[in-house]
Amino acid sequence: MKRLIVYLRDYKKECVLAPLFKLLEAAFELLVPLVMANIIDVGIANQDKGYILKMGLCLIGLALVGLASSVTAQFFAAKAAVGFSTKLRAALFGHIEDLSFTDMDQAGTSTMITRLTSDINQVQSGVNMTLRLFLRSPIIVFGAMIMAFTIDVRMAMIFVVTIPALAVVVFGIMLVTMPLYKKVQSGLDRTLGITRENLTGVRVIRAFHQEETEEKRFQESNQALTNMQMFVGKISACMNPVTYIIVNAAVMLLIYKGALKVNLGELTQGQVVAILNYMSQILVELVKLANLIILMTKAMACADRVAAVFTIGGESERQKDAGEQTGLKTDLKAGASHEELTERQTGISAGEKADEEKKLKNGSEAGEQTGSENGSFPYLCFEHVSLTYRGAGEKTLEDVSFTVDKGDTVGIIGGTGSGKTSLVNLIPGFYPVTEGRILLEGKDLREYDENAHRSRMGVVPQKAALFAGTIRSNLLWGKPDASEEELWRALELAQAKEIVEGKEGRLDAEVAQNGRNLSGGQKQRLTIARALVRDPEILILDDSASALDYATDAKLRQSLRSLEDRTTTFIVSQRASSIRHADKILVLDDGRLAGMGTHEELLRDCQVYQEIYYSQYPEERRSR
Amino acid sequence: MAKNVVSPDKKTTWKKTLHYIGKYKFMALLSLLLAAVTVALTLYIPILTGDAVDLMIDVGLVDLAGILKIVKKIGVAVILTALAQWVMNTCNNYICYHVVQDVRKDAFAKIEILPLSYLDAHAAGDVVSRVIADVDTLADGLLMGFTQLFTGVLTIGGTLVFMLIYNIPITLVVVCITPLSFLVAKFIATRTHDMFLEQSKTRGEQTALIEEMVGSQKIVRTFSREQAVKDQFGEINERLQKCSLKAIFFSSLTNPCTRFVNSIVYAGVGIFGAFFAVGGGITVGRLSCFLSYANQYTKPFNEISGVITELQNAFACAARVFALIDQEPQTPEDADAAVLEQAKGRVELEDVCFSYVPDRKLIENLNLKVRPGQRVAIVGPTGCGKTTVINLLMRFYDVDRGSISVDGTDIRHLTRGSLRTNYGMVLQETWLRGGSILDNIRMGRPEATEEEAVAAAKAAHAHSFIKRLPQGYHTVITEDGGSLSQGQKQLLCIARVMLCLPPMLILDEATSSIDTRTEMKIQNAFAKMMEGRTSFIVAHRLSTIREADIILVMKDGNIIEQGDHESLLARNGFYANLYNSQFAG
């Protein structure tokens with residue numbers, strides 16, 4: 001909660017003014033019984049109709065002033081609350097968009113969405129109500145007590161005892177029930193979970209003939225929920241009766257003591273009525289306060305959920321720092337020569353140098369040796385890279401080393417869960433390596449500016465996601481200032497030209513949210529085009545052709561080959577056909593590099609590759 | 001929310017709700033009675049207080065004994081009120097929560113017997129929200145209705161009666177001014193309606209953006225579009241701020257305004273009451289009683305209007321739940337439906353016709369005879385009806401015409417449960433339930449030992465990844481499988497079937513997410529499993545179905561070719577074409 005208060009900072013004025021005007025309203029309200037007492041004691045006692053009318057108008061005046069200050073208070077409260085939630089929402093959204101991949105894995109999409117929407121709305125109404133009522137209720141309660149003091153000190157002592165007693169009851173019941181309500185909520189979640197399971201898994205459940213077991217399971221959780229609700233209900237049902245008893249006990253005492261005092265002439269009849277009025281005002285306010293507290297606890301719970309999101313990611317910043325340090329250490333450990341370090345610092349020139357050197361070596365098998373051995377830099381170099389996802393016990397990638405030359409096409413193949421996607425995700429720096437390092441043009445990835453680095457990459461993720469807008473607006477994600485020709489060129493390369501040409505409005509054809517109005521294959525080709533618009537230095541296709549038929553897939557690979565001199569391409573696939581023509585194929589098995597080389601080499605030497613290949617081309621095995 | 005409800009008939013919704021409450025008739029009557037008692041007593045207490053005030057006129061003129069008597073009366077009344085209140089509240093809780101429990105139970109029971117056609121056509125989220133959120137709203141509405149509607153109405157009526165008894169003119173003042181508060185509330189509500197509409201529209205727009213951009217946050221990051229997206233969000237956010245402020249401010253005027261009307265009522269009672277008192281028409285004590293009535297009288301009006309909106313909302317939600325409960329269930333089983341024990345595996349389809357939508361024919365005159373132990377593969381382009389055949393075999397859907405029989409008995413004369421347990425099914429859509437890995441594997445045979453489950457997992461090549469999970473077989477996974485990959489989930493589904501080993505198998509794209517190498521290994525396990533078992537295999541990859549005894553090539557709901565791999569290739573038809581296109585890399 002504390003974390004969120006900063007977003008109220010710009011509304012300091014409103015946060016002060018809203019309760020202040022509420023206070024005014026409360027003060028005017030507190031004057032009402034006094035005026036009434038005067039009407040009784042002076043007006044009625046003296047039979048003075050003029051006085052009664054005057055006081056009556058005074059009551060109406062008080063009501064008017066009360067209305068005015070209350071309206072003002074509502075305005076400031078609304079302004080502060082809405083402003084607060086607007087700022088909070090923007091900040092939270094910004095924070096989520098800035099989360100690293102690791103953090104996002106942890107966060108979970110659907111809960112982020114509820115936190116951004118309904119949770120913040122709850123917090124907003126919590127803030128609004130708090131500003132409006134939280135001061136008002138105590139003011140009325142204590143104000144009533146103070147007013148009682150001005151009438152008679154001894155009588156007011158009854159208030160002094162009653163108020164804490166009421167507070168103990170109200171807060172006591174709240175404290176007891178609050179954790180119970182949380183339990184009710186989790187009971188409801190469980191019931192919800194079972195219901196959803198039975199819908200999403202209906203085929204499996206019916207196939208295994210588990211309907212009766214499921215009904216029993218649901219009924220158990222349903223019953224448990226009801227029992228819990230009843231239990232909480234019984235406790236919270238005490239609130240009203242108990243407070244009612246306390247207040248009325250006080251009223252009884254007031255009547256009796258008041259009668260004694262009237263008898264002695266220490267109080268007038270009208271004053272007793274006024275004191276009784278104050279007591280009933282307290283009762284009314286208490287009910288409001290109790291409701292407010294429920295609302296506030298809800299809002300607080302939501303605020304906690306929102307604040308929790310802000311704590312995600314703080315950790316990764318630290319990790320990044322730590323990562324930089326270890327990165328530096330590995331630099332030293334690797335025994336990099338002084339000369340190399342200076343070269344690395346002048347990043348660009350080193351890159352150019354590497355390019356030159358590569359040109360010289362063109363033709364002669366370059367690349368297998370790492371830069372430190374012969375003083376030159378391969379374009380991209382993985383050095384003993386390992387990756388452990390946060391919270392995971394096992395390494396996802398272990399000791400992976402390889403080099404890639406500029407313009408090469410690299411195929412990555414391996415079984416389910418062998419780490420193919422993890423490997424390519426390291427190249428744009430989506431995840432930091434846990435051990436080892438990755439060098440691009442001889443410079444550690446961690447030394448690059450993240451955004452500048454990513455702008456050189458074209459990434460086509462496994463899940464083809466497009467955004468509401470037009471085809472053009474989606475393609476412009478790749479390069480905001482791309483020209484018409486650039487867009488068409490990318491579409492052509494991605495075999496997506498005919499999709500766009502077939503649409504009404506062509507580039508300006510509408511794309512629905514998440515690209516729902518496009519087929520899987522169309523979406524995939526458009527996401528490829530989006531990555532190609534920026535004419536990337538490194539293109540990563542993560543199983544991006546899975547929804548394409550074999551013919552389109554082949555055409556796509558054909559056209560990508562035309563980019564060879566400028567673009568280094570990584571293709572992740574399960575289809576051997578997609579990668580067999582790559583300059584270099586990396587075979588992953590359980591996070592380790594099981595083989596590396598061209599198709600022919602691997603088919604000769606690498607058992608894992610053979611198994612994969614022949615599982616898809618059994619004829620060839622037979623023919624061998 | 002209520003958009004897709006077919007105009008909820010309010011009357012029937014009422015009736016149905018009352019029907020559910022009817023089970024707790026006694027409780028409801030008790031609650032009503034207690035409400036009446038509570039209201040009467042709470043109204044009586046101000047009168048007693050007023051009487052007491054009238055007994056303390058001035059110095060020396062105080063009837064202490066009388067006052068003590070009154071105070072005692074108040075004490076008894078208060079304790080009775082508190083008791084009645086508590087019992088009433090508990091009754092109300094009891095009724096509401098049990099009604100809700102009953103409604104949920106019925107809704108869930110209906111889900112278990114709804115035809116697949118309904119469930120396939122309705123998003124799971126929608127049905128879940130009916131069973132959970134809508135029922136919850138119903139509970140809230142009922143509870144509020146019970147606690148506040150009765151007491152509110154009774155309070156208003158009671159107050160009127162009491163006031164009329166004591167002083168008619170002052171009562172008239174109260175009765176005349178109070179409607180003002182209604183008018184004000186109504187005026188504000190109609191004025192703010194459009195503002196709220198605008199607000200929810202803007203909110204919807206923002207939520208859509210949030211869903212997209214948070215859902216695809218990684219892509220946003222990949223293209224470094226964070227700032228652009230934030231700007232887009234900021235623009236909507238600003239608009240939302242403006243219309244939210246308007247809506248919230250103007251709607252929040254209701255309270256001050258009605259309170260103002262209350263104050264006017266109070267002032268009116270004060271002035272008129274005092275005038276009467278001067279004329280001796282009313283005592284001071286009565287006047288104080290009237291004043292507290294004036295406070296009490298207007299409050300229920302505000303409450304009731306709140307309750308009514310809440311109730312309307314509750315009934316709209318209830319209508320959605322009842323619509324689910326009233327759905328036509330699947331065709332009930334014959335009373336004498338046979339139980340299929342261990343099937344031999346002779347499956348025959350005779351002139352089967354089926355379509356999901358009446359005017360779009362899908363499967364027509366499908367004939368097929370499968371001998372026990374045969375392997376049947378079904379291939380064909382997307383949408384040709386492969387999965388539909390599986391739906392019919394499992395009797396997830398009933399055939400429109402023709403018949404399907406197992407071991408010579410029409411499956412419509414068999415119990416669904418026994419038919420389905422004779423099939424082991426692995427689908428492309430992997431589904432795991434929240435729970436431990438072990439529970440998931442044992443789903444079809446809860447009584448299996450852990451050793452048996454491990455053996456099944458080994459057969460499905462799932463053992464190696466399971467044992468690497470933090471708690472091995474006891475690792476608890478979430479409903480969507482959590483961190484498990486699609487392939488791993490599929491392996492678990494296979495292990496699940498391996499444990500049951502039913503006499504017939506259905507594999508619908510069972511290995512689509514598993515890499516080819518693991519698939520090969522699983523194929524061996526499958527092959528072992530399929531030995532002597534009738535099996536139906538749907539596959540995309542033709543390499544996985546080469547070994548089948550019968551290959552059905554489907555197109556547009558018809559079987560266009562039938563035979564084994566070699567003969568089909570030799571025929572050089574659709575199948576050969578399909579097969580060759582796959583390997584033209």
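Let me start with one helix pair. In α7(A), the residues A:M155, A:I158, A:T162, A:A165, A:L166, A:V169, A:V170 and A:I173 meet A:M239, A:V242, A:T243, A:I246, A:V247, A:A250, A:L253, A:L254, A:K257 and A:G258 of α10(A). Contact here is counted when the C-beta atoms of two residues, placed from the backbone, lie within 7 Å. Helices (H or I, at least four residues) and strands (E, at least two) are DSSP runs, numbered from the N terminus.

Before going on, a word on the model and its labels. This is a predicted model, in which local features need pLDDT of at least 70 and side-chain atom pairs count only at pLDDT 80 or more, while totals for chains, interfaces and linings use all residues. Residues are numbered from 1 along each chain as its sequence is written, and chains are lettered from A and ligands numbered from 1 in the order in which they are written.

Back to the pair. Helix α7 spans residues 153-200 of chain A and helix α10 spans residues 239-264 of chain A; they pack at an angle of about 175 degrees, with axes 10 Å apart. That angle makes α7(A) roughly antiparallel to α10(A). On the terms: axes are lines fitted to C-alpha atoms, for helices over the stretch in contact, and angles run from 0 to 180 degrees between N-to-C directions. Angles under 35 degrees count as roughly parallel, over 145 as roughly antiparallel, 65 to 115 as roughly perpendicular and the rest as oblique. By class, the residues of this contact are 14 nonpolar, three polar and one charged. Ala, Val, Leu, Ile, Met, Phe, Trp, Tyr, Cys and Pro count as nonpolar, Asp, Glu, Lys and Arg as charged, and the others, Gly among them, as polar.

Now chain A as a whole. Chain A has 26 helices and 12 strands, and of its 624 residues, 46% are buried. Buried means that 20 or more other C-beta atoms lie within 10 Å of a residue's own, exposed means 12 or fewer, and partly exposed is in between, again with C-beta atoms placed from the backbone. Four strands of chain A form an open antiparallel sheet in the order β2-β1-β4-β5. At its edges stand β2 (397-404) and β5 (443-444) of chain A, each with a single partner strand, so one side of each has no neighbour in the sheet. Five bridges join β1 (residues 380-387) of chain A to β2(A), and the two run antiparallel. Within that pair, A:F382 stands opposite A:F402. Two strands pair if DSSP finds at least two bridges between them.

How many residues of chain A are in contact with chain B? There are 120, and they touch 122 residues of chain B. Helix α3 (residues 49-98) of chain A gives the most to the chain A side, with 25 residues. That side has 59 nonpolar, 45 polar and 16 charged residues.

Next, chain B. Chain B has 20 helices and 12 strands, and 47% of its 585 residues are buried. Six of its strands form an open sheet of mixed pairing, in the order β6-β9-β10-β3-β11-β12. The edges are β6 (423-426) and β12 (558-563) of chain B, each with a single partner strand, so one side of each is left without a neighbour in the sheet. On average, neighbouring strands of this sheet are turned by 15 degrees against each other, direction ignored.

Which strand of this sheet is largely enclosed? β10(B) is, because five of its five residues are buried. β10(B) is joined to β3(B) by four bridges, running parallel, and B:V376 has B:F536 as its bridge partner. Five bridges join β9(B) to β10(B), also parallel, with B:L507 partnered by B:I537. Helix α12 (residues 386-393) of chain B lies across β3, β9, β10 and β11 of chain B, at about 150 degrees to β10(B).

Last, the cores. A nonpolar core is a set of buried Ala, Val, Leu, Ile, Met, Phe, Trp, Tyr and Cys residues joined through C-beta atoms within 7 Å. The largest has 125 residues, of which B:A460 and B:A495 touch the most other members. Apart from it lies another core, of 114 residues, including A:Y11, A:A78, A:V306 and A:I528.
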